[in-house]
Amino acid sequence: MSSVIPLAISAERAVPDRWTAADVARIDPLAMSAAPLIGEREIVRVSAELDIWDAWPLQIQTGAPMVFEDGATLWMALAAPRFEDPDDRHGHARIHLFRRDAAGWSPLGPAMPEGFSPGSREWSGSAVVDADGRALTLYFTATGRRGETAPTFEQRLFSARASLETSGDRPRLFDWRDLREVVERDAAHYMASDGGVGVIGTIKAFRDPAYFHDPRDGGHYLFFAGSAAGGAAFNGVIGAALSSSGRADDWRLAPPLIDATDVNNELERPHVVMAGGLYYMFWSTQTHVFAPTLRHAPTGLYGMVSEHPMQGWRPLNGTGLVFANPPAAPRQAYSWLVLPDLSVISFIDDWGRGREATGARRFGATFAPALRLRLAGDQAELDV
């Protein structure tokens with residue numbers, strides 16, 4: 001296939017696939033797949049000083065983590081100093097680098113140097129290592145503006161390059177350069193990310209760029225969380241930028257691919273993996289960002305499947321729900337990332353409390369135990 005096919009499809013396609021209220025209404029809280037309960041012994045903090053959440057690996061072009069000779073991998077995650085109210089972390093988030101090996105996770109400090117990022121803080125993204133392993137491209141969300149006196153919720157999609165040093169037991173990123181806004185928001189399709197009121201759960205989106213290379217046509221994609229133009233209160237969408245070359249100056253913004261208007265406000269950290277010849281789009285969302293009539297839907301990992309990355313998306317399991325947090329702890333983990341081997345990484349959130357949320361909030365602020373999926377056509381479930 002020609003590498004220009006993805007761009008041609010994006011230009012012609014005007015109507016996104018829908019995740020509907022009828023899909024979500026079919027979720028049965030008594031029959032849904034749920035992750036295992038996380039206990040206190042599994043709360044292993046990586047750092048006493050840092051709270052850690054959304055994570056992604058330094059990946060090779062296939063999406064798999066880059067693996068060193070000793071079996072270690074490098075990861076990025078959002079991190080911030082500990083606050084009495086864990087929600088305050090979002091206003092102080094920086095991307096940090098971590099090493100993962102048989103002994104666990106080791107913090108390596110902020111990924112980018114102070115003052116390099118154009119935002120007042122950094123939100124989620126993805127990182128792709130060059131074929132020679134000597135440099136990488138980071139795609140990330142710049143939130144707010146550097147130097148602003150009060151934090152705003154404007155979100156922009158940026159890329160930057162860095163060299164990678166892997167000798168010794170403390171890898172590092174250096175020579176940061178080529179900072180560039182990947183695409184600019186198209187107001188005809190995407191609502192301004194600072195258009196909400198700034199309250200947790202109502203914030204609008206233009207964030208979380210996740211890189212995907214299509215082995216079939218050679219196209220390069222960035223999938224991201226957005227908000228549909230038009231002003232609906234619950235208007236989450238999944239958007240895409242496309243490139244035939246992957247060069248920094250070659251990205252084009254496409255209209256939304258998946259539309260959850262009147263269903264859900266935030267389809268966070270969308271990303272695609274291929275399995276069995278099909279494309280699987282996954283995202284995370286929470287009960288409180290569903291429309292009021294749909295709040296039987298749990299906090300969990302959701303997804304759709306298609307024969308093509310730009311069209312034909314239909315909900316997995318007939319509802320979109322892949323798995324939920326366990327009913328005994330409905331907020332215990334969040335921000336699930338599915339890797340090409342179908343392992344699933346997330347972070348421990350408000351663990352050990354029931355739906356009534358009695359008692360003090362317990363923010364785990366560390367990596368959750370890994371899970372694994374089993375996929376078969378339009379069906380997805382935990383592999384336990």
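A residue is called buried here when its relative accessible area is under 20%, exposed when over 50%, and partly exposed in between (1.4 Å probe, protein chains only). Val-46 comes in at 16% relative accessibility, so this residue counts as buried. The model is predicted, so to speak of local features takes a pLDDT of at least 70 and side-chain atom pairs count only at pLDDT 80 or more, while totals for chains, interfaces and linings use all residues. Residues are numbered from 1 along each chain as its sequence is written, and side-chain values use heavy atoms, with hydrogens and water left out.

Val-46 sits in the loop between helix H2 (21-25) and strand S2 (50-59); helices (H or I, at least four residues) and strands (E, at least two) are DSSP runs, numbered from the N terminus. Leaving aside residues up to four places away in sequence, Val-46 touches Ile-52, Phe-98, Trp-105, Ser-106, Pro-107, Thr-366 and Phe-367, contact being heavy atoms within 4.5 Å. Pro-107 is 61 residues from Val-46 in sequence, yet their C-alpha atoms are 6.8 Å apart.

As for strand S19 (residues 333-338), six of its six residues are buried. Four bridges join S19 to the antiparallel strand S20 (residues 343-350), pairing being at least two DSSP bridges between two strands. Tyr-334 stands opposite Phe-347 in S20. Four residues separate S19 and S20 in this hairpin, and Leu-342 in the turn has a positive phi of about 70 degrees.

Leu-342 also turns up among the contacts of Leu-373, which include Phe-282, Phe-323 and Val-338, again not counting residues up to four places away in sequence.
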